[in-house]
Amino acid sequence: MYGLTRYKLFFLLPGLIVLLAIILFPLVFTIRVSFSGWDAMTPGLGWIGGNNYGRLLADGRFWQSLGRLGMIASTAVALEYALGFALALLVWRQIRFRRVVRVLFLIPMMTTPVVMAVIWRTIFHESLGPVNDFVALFGIPPVQWLTSPEWATFVVILVDVWQWTPFMFLLLLAGLLSLPREPLLAAAIDGAGPIRAFLNVTFPAMAPISVGAIIIRLIEASKIMETVYVVTSGGPGTSTETSSYYIFIRGLRDFQIGYAAALSITYLVIMIVLLTIIAKVLTKTLVKAEG
Amino acid sequence: MRAFYLLLKVAAILVWSAFVIAPFLWALTTSFKTANGVTGGPTYIPWVDYQPSLAAWQGLFGSGAGSIDIVGPFISSVMVTLSASLVSLVLGTLAAYGLSRFSYKAGPVGNSDLTFFFVSQRIMPPVVLAIPFFLMLGWLGLLDTVLGLIIVYVALLLPIAVWVMVDFFNTIPKELDETAMIDGCTPIEAFWRVILPNAVPGLVVAGIFCIIFGWNDFFFAFTLTFTQTQLLPVAIVSLNSSVTPWWSLSASALISVTPLIVVAFLVERYLDKGSIGGRK
């Protein structure tokens, strides 16, 4: 608007150049590495064409990890959204101890995920942890929380829900607090009960912020690996192994750098495509219901 | 009916609060145990269930058996988090101001594409960047150093700063800068003297987010440092082996999460003023 190119560039360029240097170069480099046979025995950029990509197509463990990631991420985010919305509705009006309750609800998202994961692992310890002690109160025999595939998956999801429901809560509460009061009052005057008012007024008005919150959480959840690394190490077997964790094992444990690069690129492309589609579909179904 | 609804509401709040607080209470009580208090099965109440001891807490600052020195990692974590947040905040604020006030055009690329480019970096799974970062820092001789981690964390935090600040600058009326420039300020002076003082709430929110994500990162600290430099989460997770000293683990975990619990209070403050979520 007001001109001078050098001022425009003064503001934008430092940040842009730094980000390009730190992110774009590694990305391009990874693409090149993915066409090489780089591993612990033969380091270097020796060109092997698309062999790595051929290999990953037949790699059942990779595709299973993607399916598992999808299951874990979508379950966790759905639960976080429902719980976060419910909690926000519980405390957005004036209630006693409102500030204390809100701070308490926010705390988990401020804590270091990997550190809390270590604590969770001790909590679900089969003989020394408190959870089996707790379920014993109800006469339930000790559960193999971390050594049976189903329960290990359950624990990973539970830890994610504990950590990130506050994030949904934060965004949805901010949304609720910024809603105009008039439509709700109008609905109340029309004699709509709390449930009708929620379905017809609150929920549609919250649709855009809901979509935003769900997308951000899906993006973050699609990267899940630290919790898995600490709580279950992907096990038992590979039953809680997510894609990031599998790539980590191939690349930085087995040092199959070339193959891990090919896995990374494939994973990134799949994530971008899927998340874009999900964002489009969510926006269409939720935000359109507004009209 | 009304009383029943209220009861339900209070019950729901209490149940969730218990769920939120349980791991902290467990860590707190465990941190006062000794090996005997842990290996005999779960115990909860000091003096009743087990004999409490301060050994774990003392071990954090010394080097007895089964203890870790947490002071070094704590200082490294503070240095990396604050430096990276500061750099990201400076670069991000400048870029966000540019993107909010000027129009950029390079071929088909416009402002919204540039903003998207910044923000979209959050989609990148850390594991994709781990290998090139590992090699790059190796070439630069920055593996296992605080400086190397700061560089990597800037890439992580810059998108967050840009994301928050573009939204925030868009809520500041353009008339403010225009008036300043009619009064004879250059764009840089207008930004420095007029806009920046008005952007403090946005800067606080962006800074808080940068600090949260910087402090809480584990993956890059884990893959890019070994022995010379150790950040807090890595130091704590390294205790997590087959024979875990639960007491030191719990005590150090509590120390590592405490600074950000203070941040939770700040966030709630700003929530009340309505400056989180990009809306007013």
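Modeller: Chain B comes to 13 helices and zero strands, counting DSSP runs of H or I with at least four residues as helices and of E with at least two as strands, numbered from the N terminus. This is a predicted model, where local features need pLDDT of at least 70, side-chain atom pairs count only at pLDDT 80 or more, and totals for chains, interfaces and linings use all residues. Residues are numbered from 1 along each chain as its sequence is written, while chains are lettered from A and ligands numbered from 1 in the order in which they are written.

Colleague: Why is H5(B) called oblique to H7(B)?

Modeller: The axes of H5 (residues 111-120) and H7 (residues 146-171) of chain B cross at roughly 135° and come within 7 Å. Axes are lines fitted to C-alpha atoms, for helices over the stretch in contact, with angles from 0 to 180 degrees between N-to-C directions. Under 35 degrees is roughly parallel, over 145 roughly antiparallel, 65 to 115 roughly perpendicular, and the rest oblique. So H5(B) is oblique to H7(B).

Colleague: What makes up the contact of H5(B) with H7(B)?

Modeller: Thr115(B), Phe118(B) and Val119(B) in H5(B) meet Pro159(B), Val162(B), Trp163(B) and Val166(B) in H7(B); contact means C-beta atoms, placed from the backbone, within 7 Å. By class, that is six nonpolar, one polar and no charged. Nonpolar covers Ala, Val, Leu, Ile, Met, Phe, Trp, Tyr, Cys and Pro, charged covers Asp, Glu, Lys and Arg, and the others, Gly among them, are polar.

Colleague: How do you know that helix H8 of chain A is hardly covered?

Modeller: Its count of buried residues is zero among eight. Buried takes 20 or more other C-beta atoms within 10 Å of a residue's own, exposed 12 or fewer, and partly exposed is in between. In chain B, buried residues make up 47% of the 280.

Colleague: And what is in the largest nonpolar core?

Modeller: It has 154 residues, being a set of buried Ala, Val, Leu, Ile, Met, Phe, Trp, Tyr and Cys joined through C-beta atoms within 7 Å. H7(B) gives the most, 19 residues. Val154(B) is one of those with the most contacts inside the core. Leaving aside neighbours within four places in sequence, Val154(B) touches residues including Val18(A) and Ile22(A).

Methods. Contact = placed C-beta atoms within 7 Å.
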